[in-house]
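Here is a walk through one protein model, written for someone with the viewer open. Keep the structure at hand and click along.

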Amino acid sequence: MTKKILSAITILFVFFRSSAFGEILPLTIYYIWFSFLAFLIVASLKKEGKYNGYMLFFLFVAFISILLNEIDPVYMSTARLISFLIVIIAIGPFLENNLSVFFKIQLFNDANKVLIFFTFISFLGYLTKIPLFFNASGFQGLLNQSMLLGPIAALSSLNAINYFVLTEHKTKKIIFIALFFISILMCIAAASRGAIIALLISLLSYGFISFRTSKWKLIKVLLIFTTITLITSAVWMPFTKNIVQKQAQKIATENILSNRDRMWIDRILDFKESPIYGVGFASFRNTANSKINNTGNIEPGTSWLMIFSSMGILGLMAFMFLIVRPVFQIFQIKDPTNKIYPFMMSILIFFIFHLGIEGYALSAGGVLFFYMWLTIALSQKRIIKKLEY
């Protein structure tokens with residue numbers, strides 16, 4: 001019971017902060033709660049516990065990147081590392097024992113349901129044109145920005161198709177396949193090109209690993225999906241209005257990548273100045289094309305290059321062992337009866353690609369950070385076998 005209560009409060013804080021009402025919840029309260037969770041995890045290690053060596057090395061590189069660099073105080077790198085460490089201890093792939101693993105599984109199951117809930121409510125808001133679900137940048141749904149709705153809806157679709165596969169109840173199958181298509185529509189309506197591309201790749205990976213022993217079944221599913229897509233084009237085409245307009249504007253201004261390519265140049269220059277351990281955890285040195293305000297909030301344009309530039313080759317290698325290595329390990333597991341593996345692999349693949357165009361990997365206060373690191377924690381080889389639905 002305690003596990004469920006702690007999970008419910010955590011999910012409430014995480015998703016509420018990223019919702020249209022998020023400003024009501026102070027960031028201080030958010031980190032106080034995660035500090036409490038981290039304390040409980042550390043206290044539970046007295047009897048038995050392990051640590052993840054790759055995560056420990058990642059944290060070590062983050063520490064020395066701050067220690068060995070002169071970092072502009074505006075970036076608040078030390079405070080960012082402390083907040084990062086707190087959340088990682090609470091829900092990430094660092095400290096492991098039975099209590100923490102089962103707590104993370106509860107968190108994961110609860111988060112998956114809330115992802116679908118947020119996406120479905122956003123869908124209702126889109127249909128009813130409620131002003132709360134729209135802002136100056138377009139349709140944001142129940143989230144606080146449209147660029148967040150895209151990946152949330154994409155992750156919701158992966159969850160919906162997974163629930164569809166797992167359930168044997170016909171009525172539930174109908175509900176989940178409907179939620180799957182609704183989630184895809186919301187991902188399209190959010191006009192996030194990166195989320196759409198990452199979703200398509202992750203769905204293909206889900207199908208490939210699910211039917212790797214029967215390629216004909218995979219081809220059959222792809223044909224059915226393509227046929228349904230073509231037949232229902234009159235239904236989903238109106239949802240593409242935002243992304244068509246957005247793409248047209250980008251082409252007209254010759255800004256296809258939303259200035260991300262210019263930010264990437266800054267990150268590469270940062271890496272060249274300090275290739276081994278970077279220019280400092282979650283900080284910039286070259287800022288000609290980068291976005292940063294007076295409070296230190298930054299927009300790196302990509303998580304991969306952000307880690308590469310701020311933590312160097314060492315940090316990037318550690319992160320790749322954490323997020324890429326489990327994909328290969330899951331792929332090598334020959335257990336056709338366990339349907340969780342394709343799902344976990346598809347989420348990891350989604351993040352691997354989506355991190356290329358969004359910079360949330362080191363931002364401890366966001367819902368995508370929370371869900372990504374929680375997924376990484378549960379995808380480690382000795383833990384994923386405990387994950388059940």
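## Ground rules

This is a predicted model, so local features need pLDDT of at least 70 and side-chain atom pairs count only at pLDDT 80 or more, while totals for chains, interfaces and linings use all residues. Residues are numbered from 1 along each chain as its sequence is written, and side-chain values use heavy atoms, with hydrogens and water left out.

For burial, buried means under 20% relative accessible area, exposed over 50%, and partly exposed in between, using a 1.4 Å probe and protein chains only.

Start with H7, residues 170-189. The expected span of a helix is 1.5 Å times one less than its number of residues. With 20 residues H7 should span 28 Å, and its end C-alpha atoms are 29 Å apart, which agrees. Its buried residues include Phe176, Leu179 and Phe180, as well as Met186, Cys187, Ile188 and Ala189.

Ala191 sits in the loop between H7 and helix H8 (193-210), and it is buried at 5% relative accessibility. Ala282 is another such case: not a glycine, yet its phi is positive at about 55°. You'll find Ala282 in the loop between helix H12 (260-273) and strand S5 (291-292), buried with a relative accessible area of 3%.

## Aromatic pairs

A pair of aromatic rings is described by the distance of the centres and the angle of the planes. Here rings of Phe, Tyr and Trp (its six-membered ring) pair if their centres lie within 6.5 Å; planes under 30 degrees apart are stacked, over 60 edge-to-face, and the rest tilted. The count by this rule is 30 aromatic pairs. One of them is Tyr54 with Phe321, stacked at 4.7 Å centre to centre and 0° between the planes. Tyr54 is in helix H3 (residues 53-67) and Phe321 in helix H13 (residues 303-323), so this pair ties together parts that are 267 residues apart in sequence. Tyr54 is partly exposed at 30% relative accessibility, and Phe321 is partly exposed too, at 35%.

Now for Phe84 and Phe369: their ring centres are 5.6 Å apart with the planes at 70°, so the pair is edge-to-face. This one links Phe84 in helix H4 (residues 77-91) to Phe369 in helix H16 (residues 367-379), 285 residues apart. Phe84 is buried at 0% relative accessible area, and Phe369 is buried at 0% as well. Both belong to a cluster linked by ring pairs, along with Phe58, Phe281, Trp304, Phe319 and Trp373.

Phe108, in helix H5 (residues 98-128), is buried at 0% relative accessibility. Its C-alpha atom is 7.8 Å from that of Tyr371, 263 residues apart along the chain.

Two lysines are worth a click. A charge sits over a ring if NZ of Lys or CZ of Arg is within 6 Å of the ring centre and within 35 degrees of the ring normal. Lys129 lies over the face of Tyr126, 4.4 Å from the ring centre, and Lys173 lies over the face of Phe164, at 4.3 Å.

## Salt bridges

Which side chains meet in salt bridges? A salt bridge is a side-chain nitrogen of Lys or Arg within 4 Å of a carboxyl oxygen of Asp or Glu, and a search of the whole structure finds 2. Arg267 and Asp270 meet at 3.1 Å, N to O. They are 3 residues apart in helix H12, so about one helical turn separates them. Arg267 and Asp270 are buried.

Arg285 and Glu273 also meet in a salt bridge, at 3.2 Å, N to O. Arg285 is in the loop between H12 and S5 and Glu273 in helix H12, 12 residues apart. Arg285 is partly exposed at 36% relative accessibility, and Glu273 is partly exposed at 43%.

## H13 gives the most to the patch, with 3 residues. Ile313 lies in H13 and is partly exposed at 34% relative accessibility.

Technical notes. Helices (H or I, at least four residues) and strands (E, at least two) are DSSP runs, numbered from the N terminus.
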